[in-house]
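Have a look at the model first, then read on.

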Amino acid sequence: MPESAPVVRTLDIADTVYDITWQTAEEGPDITQGERHRSYFFDLPGDVPTLVDTCFQNRAEYLFEGIEEIGIEPERLIITHRHLDHVGAFDEVVERYDPETWVPEEDNVVEIDDYGIDIETEPDHLFGDREQIGRFETVHVPGHSPGNSVLVDEEAGIAHCADTVSGSDRRGLPPGYLLHPPQATHTNQPPEAAVEAEKNLDKLLDYEFDVALLNHGTPVFEDASKKLERYVNFESNFSGEDRSIHANDRKTIDADELYSRLDE
């Protein structure tokens with residue numbers, strides 16, 4: 001029997017981190033079916049209960065039911081970026097729980113008019129790059145949206161990546177690895193933004209974390225930062241000289257040199 005929202009999972013990384021699935025893969029309109037849609041709820045030691053991202057406006061009741069199942073109300077709401085499945089129920093969450101709100105300065109929710117939704121609540125705080133929000137440090141990784149941000153808690157070994165990267169199973173591969181989202185998901189962004197977003201992933205290589213929490217695809221629960229480094233710096237896997245056989249000068253490599261490098 002198919003799952004139905006809400007589905008609340010206590011994650012193995014800590015008994016105070018929760019995945020609230022407010023729309024399962026079988027639910028919703030055709031355009032959003034095929035994968036679960038989720039928000040994450042943190043109740044980490046030394047910090048206030050924090051909800052990261054909301055949901056589609058018409059799924060707010062499922063998000064609320066998930067929070068009620070956890071039994072803790074959020075005192076803080078952090079938005080990672082401006083897309084509807086992350087900000088759609090911003091007003092509804094604020095009205096219900098009155099949390100302190102944090103929004104990327106380049107994705108200010110009250111300025112969004114791209115999706116036919118009118119968010120009226122001014123956020124309490126606008127944040128940029130390398131700011132501290134409770135236990136989280138913000139990392140601005142633009143491209144997926146202008147203000148797209150990752151939240152890192154190195155002490156807990158967690159990076160909340162939202163849509164900055166996707167689980168490998170989202171693209172039909174085995175789970176447990178990280179991929180950059182396809183260009184089609186960079187809503188209302190020019191094509192070159194997808195390329196720039198992938199280049200910007202190197203900003204995350206300054207941090208160490210075991211877990212990458214994702215909104216699409218299966219999260220990575222082991223060696224996440226190391227796997228991301230291998231993905232970002234994939235060319236170094238082909239050469240001990242810090243350049244790949246696939247570099248721009250590859251046409252100048254003759255067959256003997258090519259096979260010599262491969263033998264090494």
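1. Some ground rules. This is a predicted model, where local features need pLDDT of at least 70, side-chain atom pairs count only at pLDDT 80 or more, and totals for chains, interfaces and linings use all residues. Residues are numbered from 1 along each chain as its sequence is written, and side-chain values use heavy atoms, with hydrogens and water left out.

2. How many salt bridges are there? Taking a salt bridge as a side-chain nitrogen of Lys or Arg within 4 Å of a carboxyl oxygen of Asp or Glu, the count is 13. Side chains of opposite charge can pair when their charged atoms come close.

3. Start with Arg170 and Glu35, a salt bridge whose closest N and O atoms are 3.1 Å apart. Arg170 sits in the loop between β12 (166-167) and β13 (178-179), while Glu35 is in the loop between β2 (17-23) and β3 (37-42), so this pair ties together parts 135 residues apart in sequence. (Strands are DSSP runs of E, at least two residues; helices are runs of H or I, at least four; both are numbered from the N terminus.) Arg170 is partly exposed, at 26% relative accessibility. For these labels, buried means under 20% relative accessible area, exposed means over 50%, and partly exposed is in between, with a 1.4 Å probe and protein chains only.

4. Next, Asp206 and Arg130 form a salt bridge at 3.4 Å, N to O. Asp206 is in the loop between α4 (191-199) and β14 (211-214) and Arg130 in the loop between β7 (125-127) and β8 (132-133), so the pair links parts 76 residues apart in sequence. Asp206 is exposed at 55% relative accessibility, and Arg130 is partly exposed at 38%.

5. Glu155 and Arg135 also meet in a salt bridge, at 4.0 Å, N to O. Glu155 lies in the loop between β10 (149-153) and β11 (158-162), and Arg135 in the loop between β8 and β9 (136-140), so they tie together parts 20 residues apart in sequence.

6. Finally, the cysteines. The structure holds 0 disulfides, a disulfide being a pair of cysteine sulfur atoms within 2.5 Å. Cys55 is buried, with a relative accessible area of 0%, and Cys161 is buried at 1%.
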